[in-house]
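Me: I would like to go through this structure with you. Could we begin with the terms and then look at the sheet and the core?

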Amino acid sequence: MKRHTCLRSVPASLGSLACLAAVLSVPALAEFRSPTAITDVAIVIEPGTRIEAGTILIVEGRIVEAGADVVIPSHAERIDGKGMVAYAGFIDAHSHLGIPEATRNTKDRERVEDENPDHRQGPLSETRLANRRGVRPEFRAIDSYAPDAKQLDAHRTAGFTTALIAPRDGVFSGTSDVINLSDLPIRRAIVAAESALHGSFSTGEEGAYPQTLLGVVAQFRQVLLDAAWHAEVTKYVQRHPTNTTRAPVDAALETLQPLLARSKRFVFEANSENEINRALDLAREFNLDIAISGGKEAWKVIERIKE
């Protein structure tokens with residue numbers, strides 16, 4: 001199996017520091033590989049804690065011990081790290097790495113929507129059903145994750161070893177996964193699957209509604225109200241399986257159930273003071289477990305965020 005190790009030195013003018021980022025492939029269970037020990041390396045365990053001549057022990061692709069008194073197995077492969085400094089790998093907490101920019105078109109969206117009367121035929125006799133522009137919480141970013149070698153190398157060279165891979169724009173844009181930026185197959189590289197649901201004030205899709213901020217907020221509210229009603233209908237059908245209409249299968253609304261139950265965090269991309277306040281208002285209205293991503297003007301509402 002291939003092993004990828006990034007070990008870089010910097011010029012002596014910078015104090016001969018180096019950034020070590022190890023991304024090691026996990027071999028198949030039937031294979032065996034000796035542990036790896038990087039010796040005599042300066043290790044920054046955490047800010048303010050530095051070991052001048054330590055050892056990092058890696059077993060089956062994982063750092064199992066790092067310190068000054070690490071016992072090295074006799075069969076371990078040794079790498080001399082003298083003159084280098086090892087830091088913990090950085091985590092990119094919100095990345096679109098490897099996620100294509102292409103979004104759903106109107107046909108793709110309408111395929112999964114409910115019955116929609118043709119508005120060109122005159123005034124509608126009933127409310128348009130299930131308009132889902134910008135609403136795709138069932139989308140999982142990792143299903144489209146396809147970084148090229150240059151993208152991965154650029155991140156690893158900068159010291160990033162892990163990233164939360166998130167979907168792009170959408171009122172409810174989908175779920176994210178935490179992944180190691182290795183050369184491993186995706187199923188082995190995932191650290192935490194379906195970590196959070198994501199959303200924003202941007203639909204990220206073509207179409208007519210919603211086009212304004214007012215429309216996006218209305219869409220957000222309507223979808224969560226629909227999700228709550230979908231849960232009630234599903235429960236009712238389960239209690240009366242033989243004398244009621246079958247509940248529709250709706251992947252989007254079903255994906256939102258953990259959000260309403262506060263068992264899944266909602267990451268809302270908001271930057272301006274007004275956007276952050278609106279996001280927090282919506283979270284309070286629906287009792288959501290929310291995190292703000294971006295937050296360029298978070299300092300203006302820091303007291304509310306602290307609360």
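Predicted model: local features only at pLDDT ≥ 70, side-chain atom pairs only at ≥ 80, totals over all residues.

Me: Which strands form the open sheet, and in what order?
Reply: The open sheet is formed by six strands, arranged as E8-E9-E10-E11-E12-E13, with mixed pairing.

Me: And which are the edge strands?
Reply: They are strand E8 (90-95) and strand E13 (290-294), each of which pairs on one side only. From one strand to the next, the twist averages 30°.

Me: How many bridges join E8 to E9?
Reply: Four bridges join E8 to strand E9 (residues 160-165), and the two run parallel. Ser95 stands opposite Ile165 in E9.

Me: What does H7 touch on the sheet?
Reply: Helix H7 packs on the sheet and touches E12 and E13. The direction of H7 makes about 160° with that of E13.

Me: Now the core. How many residues does the largest nonpolar core have?
Reply: The largest nonpolar core has 27 residues, and Phe172, Phe220 and Leu256 have the most contacts inside it. Helix H4 (213-239), strand E12 (265-270) and helix H7 (273-286) are the elements that give two or more residues to this core.

Me: What does Phe172 touch?
Reply: Leaving aside residues up to four places away in sequence, Phe172 touches several residues, including Phe220, Val223, Leu224, Leu256, Leu259 and Phe266. Gly134, Val135, Arg136 and Pro137 are also among them.

Me: Which residues does the second core include?
Reply: The second core is separate and has twelve residues, among them Ile142, Tyr145, Leu152 and Ala189.

Key. Residues numbered from 1 in each chain as written. Heavy atoms only, no water. Core = buried A, V, L, I, M, F, W, Y, C linked by side-chain atoms within 4.5 Å. Buried < 20%, exposed > 50% of the residue type's maximum accessible area, 1.4 Å probe, protein only. Contact = heavy atoms within 4.5 Å. Pairing = 2+ DSSP bridges. Axes fitted to C-alpha atoms, helices over the stretch in contact; angles between N-to-C directions.
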